[in-house]
Structures are given as C-alpha cells and as structure tokens.
Amino acid sequence: SDHMENICGYLMKYTNLVTGWQYRYFVLNNDAGLLEYFVNEQSRHLKPRGTLQLAGAVISPSDEDSHTFTVNAASGEQYKLRATDAKERQHWVSRLQICTQHHTEAIGKNNPPLKSRSFSLASQGSANSPGVQRRPSQNAVSFFSVGHHRLPTGKRVPIMQPDHLVDVREMMSQAEGQQRDLIRSIECLPASGHLTSLDQDLLMLKATSMATMNCLNDCFHILQLQHASQQKGSLPAGTTVSWLEPKISLANHFKNGAAQNFPAEINKPASVREEQSIAEPCQLTREPEEINPDEELEDICDDKEDDLGAVEEQRSVILHLLSQLKLGMDLTRVVLPTFILEKRSLLEMYADFMSHPDLFIAITNGSSPEERMIRFVEYYLTSFHEGRKGAIAKKPYNPIIGETFHCSWRMPKSNVATDAGTSSSAHTPSEQVTLPKDPEGQAEPDYYTVKFVAEQVSHHPPVSGFYAECVERSMCVNAHVWTKSKFLGMSIGVTMVGEGVLHLLEHGEEYTFSLPCAYARSILTVPWVELGGKVNINCAKTGYSASINFHTKPFYGGKLHRVTGEVKQNMTNTVVCRVQGEWNSVLEFTYNNGDTKNVDLTKLSVTRKRVRPLEKQGPFESRRLWQHVTESLRDGDIDKATEHKRALEERQRNEERLRAETETPWCTKYFLKDGDGWVYHKPLWKTVCAAQAQHTDSN
C-alpha cells in the first residue's frame with residue numbers, strides 16, 4: 001500500500017485498424033481500483049470515455065516493443081496501450097499491477113475459502129446435490145465432493161437482467177476463489193506417500209478445473225455481449241463473438257529464466273561443463289564463414305519420431321505442466337519437458353523443408369510466368385510433408401541465439417523438370433545471367449548444388465533467418481520467421497510470423513510468401529500435427545498470385561490435413577489453376593484447360609542433404625551444439641538429456657545477462673537487419689548485380 005498512488009498522464013490507446021492509435025488521458029484511481037481515460041486532460045471533470053475494473057485484471061508488457069502493454073480486465077475487455085518510452089511503461093505497469101493485486105486480494109477476503117480443509121468443494125445451497133461417485137481404483141478422486149445446482153424441470157430460463165449478471169459475476173468470483181483454494185490444497189500435499197501432489201487424478205482435476213473456469217469466463221463474456229446487443233438493438237454487421245484469453249491468474253512454475261536446481265559442479269559430466277564454459281559467441285569469430293560444399297557428406301542420420309513410450313511414461317509430467325498453463329498463454333518463455341523434443345534443431349527443420357530440390361530448381365525452368373507460379377505452388381505444398389519427422393508431434397530444439405546450420409543438396413541435372421521440348425540447361429543468350437567464372441577452368445559438373453544456411457538472429461522474440469541458393473540457376477530464397485506458441489487447452493498452436501521471398505534472377509521475378517500455423521493436437525494421448533490458416537504467394541512483376549488454405553479438421557466429421565488453393569492472374573481476375581487434397585498425401589492440380597495432375601507426396605523421392613562431419617563444424621553449429629542432448633535422447637536417457645539442455649539454456653541466460661549489463665548489442669553472423677526483416681549478408685542478387693556491373697565496365 002506504500003506504493004499505491006493515483007497517477008495520471010497521456011498514453012496512446014489502440015482503437016481499431018481504421019482509427020489506429022490515439023492519445024488519451026488516463027487516470028489510475030487506486031481507491032476504487034479503476035483505470036479511467038478521457039479525451040484529454042481538460043475533460044477530466046466529465047464522465048470518463050472508458051473505465052476498467054482492475055480487480056482480477058492481468059497487466060502484460062508486450063513483446064512487440066519496449067513501449068507497449070495491455071490491460072486485460074476480468075470482464076473480458078482489453079486496453080492496448082503505449083507509453084512514450086520503456087521507463088514510463090515500467091512506471092505504469094508496476095503501479096497498475098500493485099493496484100490490481102490489492103483489489104484482487106480484497107475480493108478474496110470478502111469471499112473467503114471454505115472452512116473445511118478436507119478437500120470438500122460442496123457448493124453453497126447444494127447440500128442435497130449428489131456428490132461424485134467413489135471409485136475404489138482411484139483413491140484421489142474419492143477425497144473430493146463436487147456439488148452442482150439443478151434447474152427445476154420444465155421451467156424456462158429467463159433472459160438475463162443486468163442485476164442477474166452482477167449475481168453471476170459474484171458467483172463466479174466465489175467459484176474462482178474455491179478453485180484457487182483447491183489448487184493450493186493439492187500443491188500443499190507431500191511429494192511422497194499415500195496421496196501426493198503429483199497424483200495423476202489430482203493433476204487431471206487441476207487441469208480440468210482450470211479449463212472449466214476459463215470456459216465459464218468466456219461464456220460470461222458472451223452473455224455480456226448479448227445483453228449489450230439487446231440494449232442497443234443488435235450487434236453491428238460483421239461483429240464476431242470470439243473466445244478470449246482466460247482471466248484467472250495462476251503462478252507459472254515453468255518460466256524460462258527461472259532458477260534451476262543443478263547438481264553439484266563436481267557431479268556434472270565433462271560434456272556439460274564444456275557446454276557451460278564455451279566462450280561468449282560474440283567473443284568467438286563472428287565473421288561469416290564460407291562453407292565448402294565439397295566438405296559436406298551425404299547425411300546418414302535418420303531420426304524418425306515414432307516412439308510413444310516416453311510420452312506415456314511421462315504422462316504425469318504433462319498433466320502437471322498443463323495444470324500451470326492458461327488458455328492463450330504465450331509459451332515462448334515456458335520450458336517444456338525434454339522428452340517431447342525432436343532430435344534436431346528448429347533451424348535444421350527449416351532445412352528439411354528443402355528436401356525436394358528438384359522441384360525447387362524446376363520453378364525457374366517454367367516457360368511462362370503462369371507456369372512458374374504454378375510450379376512454385378507445387379514445390380511449396382510438397383515441402384511440409386518431409387519437414388515433419390514421423391506422425392508424432394514433437395518439438396524441435398529452440399535454437400540458441402547465434403546458432404547456425406549449414407547443408408547442401410546435389411541434384412543431377414537430368415532429374416530436374418524443364419518446359420516442354422528443352423533440356424534443363426537450354427536457355428537463350430538473353431536469358432543468361434552473367435556470374436563469376438571458375439578461375440581454375442574446371443569442367444562444369446553434371447549436377448546442380450543448392451546451398452542452405454540458417455541462423456538464430458534473436459532470442460526475445462525468437463527469430464530465425466534462413467537462405468538457400470542455386471548459383472547455376474540464378475535463384476535464391478530468403479526468409480525470416482518468428483515462432484509464437486500459445487496454449488490452447490488440449491493442443492498447442494504455433495504461429496509463424498514472417499515472410500519469405502523467392503528470387504528468380506533469370507526472369508527478374510520476386511515471389512513473396514508466408515507460412516501457415518501449426519497445431520499439436522491431443523497432447524495428452526498421441527500428439528499429432530496439423531496445419532491451418534491462409535497463406536498468400538504474390539509476384540508483383542507478373543501479376544500472378546496464389547491463395548492457399550490449410551484446413552483444420554472440424555470437431556465433427558471432415559478430413560485431416562486438407563488443403564485447397566487457386567492461382568490467379570490479378571489483372572484479369574482469372575483463375576488459371578486450382579489445387580486440392582492433403583498436404584501429406586495426394587494433391588490434385590486442375591488447370592483452366594481442363595487438364596489435371598496428381599502429385600503423390602508419399603512416392604516423391606527425397607534427396608538427402610549433405611552436412612559437414614561434427615569434427616569440422618563450429619561450436620555453434622546446430623548438430624555440434626546439441627550433440628549431447630541428441631545422443632542422450634537416442635539412448636533414452638531423459639535425465640541426462642535434460643541436464644545437457646539446461647546447461648545450454650543456462651549459458652544462454654548468462655550471456656544475455658552479461659550483454660544487458662555491459663549494454664553490448666548482439667552481433668549476427670550471416671544475416672543483417674533490414675526494416676522489420678532479416679536479409680542474408682551476401683545474397684545472390686547482389687553477386688549477380690556486381691558481376692553484371694563488372695562485365696559492363698570491362699566492355
């Protein structure tokens with residue numbers, strides 16, 4: 001209370017896409033627990049334009065920048081605000097959090113938990129209601145008695161009146177208090193004995209009670225919207241009633257950066273001590289390294305992720321984790337259990353999307369802009385199947401900042417599709433792009449080489465940059481991806497924020513594209529992956545575009561992994577090709593002339609990537625960096641894998657802390673910041689321009 005003070009001042013408030021950000025005068029009323037705002041300071045004596053009750057609210061600094069934060073009220077209303085600088089944001093956030101905590105605790109005191117501490121949840125006024133049936137095989141459940149109300153038979157439920165909504169809010173506040181008391185009671189149980197805090201039934205009860213309260217909050221918000229629409233007549237056209245993030249604040253015991261209990265240094269394996277003692281990456285060479293493809297060998301690693309044993313054995317750990325999460329929670333800062341990890345880094349997963357280099361190279365061989373766009377769509381849709389290792393949804397390693405991955409593919413020229421009547425190397429002189437010639441005058445190889453490099457360029461937010469090029473065909477692709485993970489109840493959603501650009505230098509064309517969202521479903525049983533969302537591919541020069549929809553499976557019926565799309569000429573608004581099927585099975589392309597083409601992804605040949613041996617890799621290349629974690633996972637030693645993983649994460653936290661203390665910016669190795677994106681430091685289009693300029697000067 002010593003720090004509770006009424007503060008006021010101007011903040012920017014986000015209204016909508018049309019209006020955008022507007023300056024408003026905000027007042028924090030600590031006595032009433034209200035955040036109010038006015039058009040300006042002069043109108044402060046008038047009725048406020050908006051008011052938020054802070055009891056039960058969640059105040060969240062944004063990851064977007066250092067100025068923005070959100071206030072999520074328990075009613076479901078949200079203010080997105082922006083201060084002038086980081087210091088002012090911290091001032092507002094800290095004062096709002098203190099006020100919120102004070103008034104939330106006051107509600108708890110006015111609605112005390114049940115007197116009984118014998119794990120009884122008897123609802124008020126429901127003494128005659130039947131309790132949960134006791135099951136001898138599940139001792140934990142028999143400790144709980146959950147009451148409920150029944151509506152009289154045959155009576156119609158009246159329309160909610162405003163005072164009824166207030167009553168509902170009060171009842172929900174009581175239920176939330178009881179639910180918090182339940183969780184505290186479970187967590188106070190001993191770690192061993194007849195009934196423990198990690199009992200599977202109790203963990204399931206924690207998770208389901210949390211989900212129930214979240215659902216009730218969402219339903220209450222819908223009732224508020226319906227009541228508002230009845231008062232105003234009806235909801236405006238186009239209004240969508242959507243599910244909201246939960247408003248119950250529970251402690252999160254899995255925050256990235258929280259102190260971890262490490263065994264004594266003397267007991268750590270030498271490999272762990274080595275991982276923690278590697279020098280700060282910026283102190284190592286941060287100069288770009290030219291990787292010689294001739295040093296790379298065909299990859300013999302084949303880690304399929306079809307093992308369900310670990311998931312079943314660690315079910316209680318999953319339940320314990322789920323009981324701590326909230327719907328909509330950002331999982332970026334959540335440390336997930338080691339046993340759900342794939343045996344590869346996220347950077348290597350991006351490389352595996354390039355496992356059909358023949359289809360990639362064939363794009364530039366299209367004889368017309370229309371054909372090149374269709375070929376790009378075909379390559380794009382076939383890339384996701386091989387990017388997944390097996391049917392089980394596991395998570396690749398989160399790349400360490402500064403981590404890199406290099407590989408290449410060799411594709412025989414005879415295997416690359418061309419336009420009708422030409423060979424893969426036949427191009428008119430006007431189509432040729434001048435590139436530097438081999439100084440040794442060696443014979444031209446009979447294969448194309450596609451080189452790939454990826455780098456983790458940022459830790460918060462987690463951003464990866466990757467680049468691939470085929471010099472012989474004068475084509476390259478540059479992309480940056482920010483992965484945002486959210487907890488969705490019984491599934492996890494991953495949004496791939498970012499953009500990629502494919503450059504076909506022979507034709508002077510650039511194709512921009514985005515990536516779909518990914519979902520890990522059924523995380524309590526057999527987790528599996530599906531893709532969802534709409535992505536767009538555009539070529540500004542030719543006017544062709546493609547719209548692709550990845551359909552998630554509906555609750556009832558429907559097919560898995562369904563995808564549909566169309567390629568369109570924007571100038572004439574003519575659809576020139578349609579595609580439908582499953583992104584991991586068979587795709588059917590239908591052209592505007594009536595022809596069709598089927599692509600069976602299960603029968604497509606996969607070209608193995610070429611990777612340097614571990615002994616030739618740098619200390620921050622993915623496979624060498626994670627080698628001890630990978631080896632432990634292959635051996636089935638989860639504890640050892642966890643220890644190695646913690647050592648890497650601890651080192652990263654120490655390095656980040658040191659950079660913050662010394663105000664030392666992070667230095668990337670291969671990618672440069674370009675506006676909101678990241679670009680490879682020596683892209684092929686720059687090499688081509690330099691070569692053409694040199695050729696012009698020599699003439």
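This is a predicted model: local features need pLDDT of at least 70, side-chain atom pairs count only at pLDDT 80 or more; totals for chains, interfaces and linings use all residues.
Visitor: What is the chain built from?
Guide: There are 13 helices and 26 strands in it. Of its 699 residues, 47% count as buried.

Visitor: How do you know which residues of the chain to call buried? Take Ser474.
Guide: Buried means under 20% relative accessible area. Ser474 has 2% relative accessibility, so it counts as buried. You'll find Ser474 in the loop between E13 and strand E14 (475-487).

Visitor: What else is there to say about the phi of Ser474?
Guide: The phi of Ser474 is positive, about 55 degrees, although this residue is not a glycine. His561 also has a positive phi, near 60 degrees, and is a residue other than glycine. His561 lies in the loop between strand E19 (544-551) and strand E20 (562-569).

Visitor: Why is His561 called buried?
Guide: The relative accessible area of His561 is 13%. The cut-off is under 20%, so His561 gets the label buried.

Visitor: Which residues does Arg89 touch, once its neighbours within four places in sequence are left aside?
Guide: Arg89 is in contact with several residues, among them Phe69, Thr68, His67 and Ala83. The C-alpha atoms of Arg89 and His67 are separated by 5.8 Å, and these two residues are 22 apart along the chain. Arg89 itself is found in helix H1 (residues 86-110).

Visitor: And why is Arg89 called buried?
Guide: Its relative accessibility is 15%.

Visitor: Why is the pair of Tyr350 and Phe466 called stacked?
Guide: Planes under 30 degrees apart count as stacked, and the ring centres must lie within 6.5 Å. For Tyr350 and Phe466 there are 25 degrees between the planes and 5.1 Å centre to centre, and the pair is stacked. The pair links distant parts of the chain, with Tyr350 in helix H7 (residues 346-352) and Phe466 in strand E13, 116 residues apart. Both residues are buried.

Visitor: Then what makes Phe671 and Tyr680 edge-to-face?
Guide: That label takes planes over 60 degrees apart. Phe671 and Tyr680 have 65 degrees between their planes and 5.7 Å from centre to centre, and the pair is edge-to-face. Phe671 and Tyr680 are buried too. A search of the whole structure finds 21 aromatic pairs.

Visitor: Which charged end sits over the ring of Trp21?
Guide: That of Arg82, 4.0 Å from the ring centre. The charged end of Lys484 sits over the ring of Trp482, 4.9 Å from its centre.

Visitor: How do you know that Thr542 is in polar contact with Tyr544?
Guide: The cut-off is within 3.5 Å. A polar atom of the Thr542 side chain lies 3.4 Å from the backbone nitrogen of Tyr544. Thr542 lies in the loop between strand E18 (528-539) and E19. Leaving aside neighbours within four places in sequence, Thr542 is in contact with Pro369, Glu509 and Gln569.

Visitor: Is Thr542 buried or exposed?
Guide: Thr542 has a relative accessible area of 15%, so it is buried.

Key:
Residues are numbered from 1 along each chain as its sequence is written. Side-chain values use heavy atoms; hydrogens and water are left out. Helices (H or I, at least four residues) and strands (E, at least two) are DSSP runs, numbered from the N terminus. Buried means under 20% relative accessible area, exposed over 50%, partly exposed in between (1.4 Å probe, protein chains only). Rings of Phe, Tyr and Trp (its six-membered ring) pair if their centres lie within 6.5 Å; planes under 30 degrees apart count as stacked, over 60 as edge-to-face and the rest as tilted. A charge sits over a ring if NZ of Lys or CZ of Arg is within 6 Å of the ring centre and within 35 degrees of the ring normal. A polar contact is a pair of N or O atoms within 3.5 Å; within protein, one must be able to donate a hydrogen and the other to accept it, and residues adjacent in sequence count only if both atoms are side-chain atoms. Contact means heavy atoms within 4.5 Å.
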